[in-house]
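Student: Walk me through this model, please. I want to learn how to read its features.

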Amino acid sequence: MKRLLIILMAISFSFGLGTPIAAAEENSINSEIIYSILVDRFNNGNPSLQKQVDLDDPLAYHGGDLQGITDKLDSLKELGYTTLVLSPIMKNAPDGYHGYWIEDFFKVDDQYGTMEDLKKLVKEAHKRDMKIILEFVTNYVSLTHPMTEDPEKSDWIKENNEVESFQWLDQAAVLDQTYAEVKQLLKEAADYWIDEADIDGYKFHAADKTNQAFLKELTAHISEKNPDFYMLADILDPENYTGNIVENTEIQAVENNALYEPMANVFSQAGEPVSAVHDAWLQSKQEDGLNYLDNEYTERFTRKLLKNGRSPFTTWKLALTYLYTLPGTPMIFQGSEIPMSTGAFPESQKMVMFNSGDQELSKFINRISSLRAQFPALQKGDYELLDSSGAMSLFKRTYEGESVYIAINNDTESQAISIDGIDSGKQLKGLLGDNLVRVNEQGEFKIGLARETAEVYVVQKDTGLNWLLIGMITGIFAIFIVSVVYLSRKQKKREADA
């Protein structure tokens, strides 16, 4: 079934920009809004966990923990995030704040707390209808893992050919997943966290580096255990990724790395056409991708836009409108709601600065999240680029007869796009800026936007002017004028009598 859907989707891509992209088989992950957390750099909820903390060393623990995440659940819920993806929390070797130097697959790292802390986090998240996904490292262990010193397990480790790719790989041993014992260990580890903590999903780290036959076997095992369990993946080597993980395994979505740079570059510069991002999305062929503007290893999107003299609030509104209405799943890296403006790694991994948040941006995130949750078309509808004018583009998403129009003007001047095919007795109601668009004399609906603005429209019945409301306002205004005149004359009379 997956293979057939991939073929059909590829065929649809070949027809051009004006052809709607049909929604693929319904993927429940697309109904989520993901908030990605680097646990050690998020929030310090338990100051007693300080054994390895060194704030002066960017490559050491900085104090974030599971209690710190629990403490922030209400504010994350308010912003509309439905799913939290946590960096690996299994016990790591010293300084393994990133989670990739595993020493014990069956224990929470002491710097993050205990299994009870994890259970509490999951329980409190579920009370708020939020999900917890753990990043699961299947390929690597620390060089200090007991198996690396056991002669009987020497065959479990294979040569590490990528030491120079990432700074953490120099302390990592690579597991050979063709061995039955290694496969059994990882299956047992996967089962353990599901059974013990009632988590909702895994995000498989470096899924492209996993033995693909084993990845298929492991995800099938998990899916059989819990058919509703989310399984996501990130890619360590995007340039050589073949793009077939979703097709060949039970994994539902993979990070859309091909879209990251085009999206971040276009929206960080005023005047860049939004249609260029759409072209990149078509080329990525990831209709169910995890879409993001930055992560723990990239320069912050806010830093990029500030370099180009753009307003963070204005620009984030444009970028988030696109991100939250695009097919796939929006994935926000911690601190973007502030918005933090640090540089690339390791600066990108600084602790979240909660006290410097932008309230207006938070309100907008809440609003755009609510719209995505309210309208199924924004989660799983067919997708179509209707037209572009300058750096403005107009998109349409349709699901079960409901259409939503998304207009984004990244231009340095006002732009307008006319559309037809809407009944003349209807109007377009703006949900972000409360704009109204009615049919003109040419029988068209002309959507005009000021520079650097965005709007989301729904189709509704054109009720014309609300004469009852206008009459009430006119009556109140008339009474006010009469009262002013009366009081003025009365005051003059008093002054004359005096």
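**Reading the model**

Tutor: The cut-offs are under 20% relative accessible area for buried, over 50% for exposed and partly exposed in between, with a 1.4 Å probe and protein chains only. This is a predicted model, so local features need pLDDT of at least 70 and side-chain atom pairs count only at pLDDT 80 or more, while totals for chains, interfaces and linings use all residues. Residues are numbered from 1 along each chain as its sequence is written, and side-chain values use heavy atoms, with hydrogens and water left out.

Student: With which residue does Asp195 form a salt bridge?

Tutor: Side chains of opposite charge can pair when their charged atoms come close. A salt bridge here is a side-chain nitrogen of Lys or Arg within 4 Å of a carboxyl oxygen of Asp or Glu. Asp195 forms one with Lys225, and their closest N and O atoms are 3.0 Å apart. The pair links distant parts of the chain: Asp195 is in helix 5 and Lys225 in helix 6 (residues 212-225), 30 residues apart. Helices are DSSP runs of H or I with at least four residues, strands are runs of E with at least two, and both are numbered from the N terminus. Lys225 is partly exposed, with a relative accessible area of 37%.

Student: How many salt bridges does this rule give?

Tutor: The count comes to 21. In one of them, Arg128 meets Asp74 at 2.6 Å, N to O. Those two are 54 residues apart: Arg128 sits in the loop between helix 4 (115-127) and strand 5 (131-136), and Asp74 is in helix 3 (residues 73-78). Arg451 pairs with Glu452, with the closest N and O atoms 2.8 Å apart. Arg451 is partly exposed at 47%, whereas Glu452 is buried at 16%. Shared partners also build a network of salt bridges, joining Asp74, Glu124, Lys127 and Arg128.

Student: Now the sheets. In what order do the 8 strands stand?

Tutor: Pairing comes before order. Two strands pair if DSSP finds at least two bridges between them. The 8 strands form an open sheet in the order 11-10-9-5-2-1-13-12, with parallel pairing. Strand 11 (253-254) and strand 12 (290-291) stand at the edges with a single partner strand each, so one side of each has no neighbour in the sheet. Ser36 stands opposite Phe333 of strand 13.

Student: Which way does the pairing run in the sheet of 6 strands?

Tutor: That pairing is antiparallel, and the order is 14-15-16-21-18-19 in an open sheet. Strand 14 (382-389) and strand 19 (436-438) are the edge strands, each pairing on one side only. Strand 14 is joined to strand 15 (residues 392-399) by 7 bridges. There, Asp382 has Thr398 of strand 15 as its bridge partner.

Student: At what angle do helix 8 and helix 9 pack?

Tutor: Two packed helices are described by the angle between their axes and the distance between the axes. Axes are lines fitted to C-alpha atoms, for helices over the stretch in contact, and angles run from 0 to 180 degrees between N-to-C directions. Helix 8 (residues 257-267) and helix 9 pack at about 180 degrees, with axes 9 Å apart. They are therefore roughly antiparallel (over 145 degrees; under 35 is roughly parallel, 65 to 115 roughly perpendicular and the rest oblique). Helix 8 brings residues including Leu259, Met263 and Phe267 to the contact, and helix 9 brings residues including Val277 and Trp281. Contact means heavy atoms within 4.5 Å.

Student: Which residues touch the most other members of the largest nonpolar core?

Tutor: In soluble globular proteins, nonpolar side chains tend to be buried together. A nonpolar core is a set of buried Ala, Val, Leu, Ile, Met, Phe, Trp, Tyr and Cys residues joined through side-chain atoms within 4.5 Å. The largest one has 127 residues, and Leu84, Phe105, Trp193, Tyr202, Phe204, Phe267 and Tyr322 touch the most other members. Helix 5 (residues 180-197) gives the most to this core, with 8 residues. A second, separate core has 13 residues, among them Ile417, Leu428, Ile447 and Tyr457.

Student: Is Gln67 buried or exposed?

Tutor: Gln67 is buried, with a relative accessible area of 18%. Gln67 lies in helix 2 (residues 66-71). Leaving aside neighbours within four places in sequence, Gln67 is in contact with Gly45, Asn46 and Lys120.
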